[in-house]
Structure formats: structure tokens, C-alpha cells
Amino acid sequence: MTHGEPAFTGVYWNDRATVAAFAELPTPPYLADLLAVPVPKTAVALDVGCGAGRNLPALAAAGYRVLAIDLHPGMLEEARRRAGPRTAFVQASVTNLPLDDRLAPLVVCHGVLHNLHHIEDLNAALRELHRVLLPGGTLSLNLFTAGHIDPCLTPLGDDRYALPNGQHMTLLSPDDLLSLIRAAGLVPREEAVQYLRPADPGQRSVWRANLTRL
């Protein structure tokens, strides 16, 4: 866990019901579109915050050697059941990746950064994602933002919110998020996609873009 996170966070993400729910999620179509381009056999893809492994089969089928990274052993255990021989696993936080610089031409980080509990951690995570991304590579990033704050969320101050189950999130405005992204040395390849999606409970505002490093 990152600094200052309550013990509840680990309990939630390792809970069998939570893991099972994430295991049912399909590969998102926007990632499938990104994987349509042929890649060299030696190319590495990182799935940072891989969860229960929803993206791993598609990344391997596209020809990547896959490194799946997650902080929570319950998620990693489930992800291993979905992965083939071209996938390796690392237990680590997105704020401190035990990986070489400029390692991968493709980095995937979906639904992760809003779960960090402090803006300092979000800054650290963006710097780490920049560090491991190969120049000219692509970071597929999505996260929840403060573009819409559902009434079920309890404000905690400093861009922090609590869900009814006690889980905390950091939600930035899209403009503030983009400022942090640029400060970390990353830039969008195209205009970001923003939309509302159902959540349990309420709705969340999603920000999604393919980024590259300066």
C-alpha cells in the first residue's frame, strides 16, 4: 500500500468477491483497437495494476511478452490462472515499480490511479509510468476524475473522497489531471475521451487517453 492508506484497502482488493467480480470483466474494446498493430516478438507490454488479469490474454495474443504488475496478492493469484507462458508477474505498487527505465513500448494502466490516496502518490505513479515507457511508446491510461462527483461519495478534502464501503479515492478535475500528466513528461497522442459510466453505487466520470513521453 502507498503511504497513509488504511488497512481496509488491502482487505477490499484481496476479498474473494471483489476478485471474482474483476475476473468477469472483459478486455475493453479500446485496448483491443490499440493491439491491432503488429509488434516485434521481443516487445514487452506492462499491465500496471493488472487486477484479475482481464487484459493479459489479449496482450499476449497480440504478440507481446507481458509483465503483469499488481499490489494485491489476491488479484495476482487470479490473474495467473488466465495467463500463458509469455506472461510474468510482479507484486509492486505503481508508485514504485521495480523495473528498468525505458523498458516497454506499451504500458497499460486502467482503473488504477484514482485508487491512490494522496495526490503525491498520483504524481509518483505518473513519473514511474513515464520512466518505464520506451520513447515513442504508448501509455494506455484511464481513471476516474472529478468531472462528475456522485452524491454517494463523501468529500474528505484535498481531492479525496470516500465510497460508502469506506474505500478512499483521489479524484482530480480533468484540467488538474492533465497538468500532472504534462508535469510528469507525458502528453496525449490525441484528445482525451471523457464519459460517465455506471458504478456500484452511483456513477463515475472516466478520463481515457493514449499518452506518449516527451
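Here, buried means a relative accessible area under 20%, exposed means over 50%, and partly exposed lies in between (1.4 Å probe, protein chains only). What follows describes a predicted model, in which local features need pLDDT of at least 70 and side-chain atom pairs count only at pLDDT 80 or more, while totals for chains, interfaces and linings use all residues. Residues are numbered from 1 along each chain as its sequence is written, and side-chain values use heavy atoms, with hydrogens and water left out.

Helices (H or I, at least four residues) and strands (E, at least two) are taken as DSSP runs and numbered from the N terminus. Two strands are said to pair if DSSP finds at least two bridges between them. Strand β1 (residues 44-48) runs parallel to β4, and 3 bridges join the two; A45 has L106 in β4 as its bridge partner. Strand β5 (residues 133-145) also pairs with β4 in the parallel sense, over 6 bridges, with L139 in β5 as the bridge partner of V107. Together with helix α6 (residues 119-132), β4 and β5 make up a right-handed β-α-β unit. A crossover gets that label if, with the strands pointing away from the viewer, the path from the first strand over the helix to the second runs clockwise.

The loop between β4 and α6 holds H114. This histidine counts as buried because its relative accessibility is 3%. Contact means heavy atoms within 4.5 Å; leaving aside residues up to four places away in sequence, H114 touches L143, F144, M169, T170 and L171.

There is also an open sheet of 3 strands, in the order β6-β7-β8, with antiparallel pairing. Its edge strands, β6 (154-157) and β8 (168-170), each pair on one side only. From one strand to the next, the twist averages 30°; axes are lines fitted to C-alpha atoms, for helices over the stretch in contact, and angles run from 0 to 180 degrees between N-to-C directions. Between β6 and strand β7 (residues 160-162) there are 3 bridges, and the two run antiparallel. T154 has A162 in β7 as its bridge partner.

On the helical side, α2 (residues 16-23) and α5 (residues 73-82) pack at an angle of about 35°, their axes 10 Å apart. In this packing, T18, V19, F22 and A23 of α2 meet G74, M75, E78 and R82 of α5. Sorted by class, the contact has 4 nonpolar, 2 polar and 2 charged residues. Ala, Val, Leu, Ile, Met, Phe, Trp, Tyr, Cys and Pro count as nonpolar, Asp, Glu, Lys and Arg as charged, and the others, Gly among them, as polar.

A few backbone details remain. Most residues other than glycine have a negative phi, and most peptide bonds are trans. With a relative accessible area of 47%, R102 is partly exposed. D158, in the loop between β6 and β7, has a positive phi too, near 55°, and counts as exposed at 68% relative accessibility. Finally, a cis peptide bond joins D200 and P201, with omega about 5°; P201 is found in the loop between β10 (193-198) and β11 (203-213).
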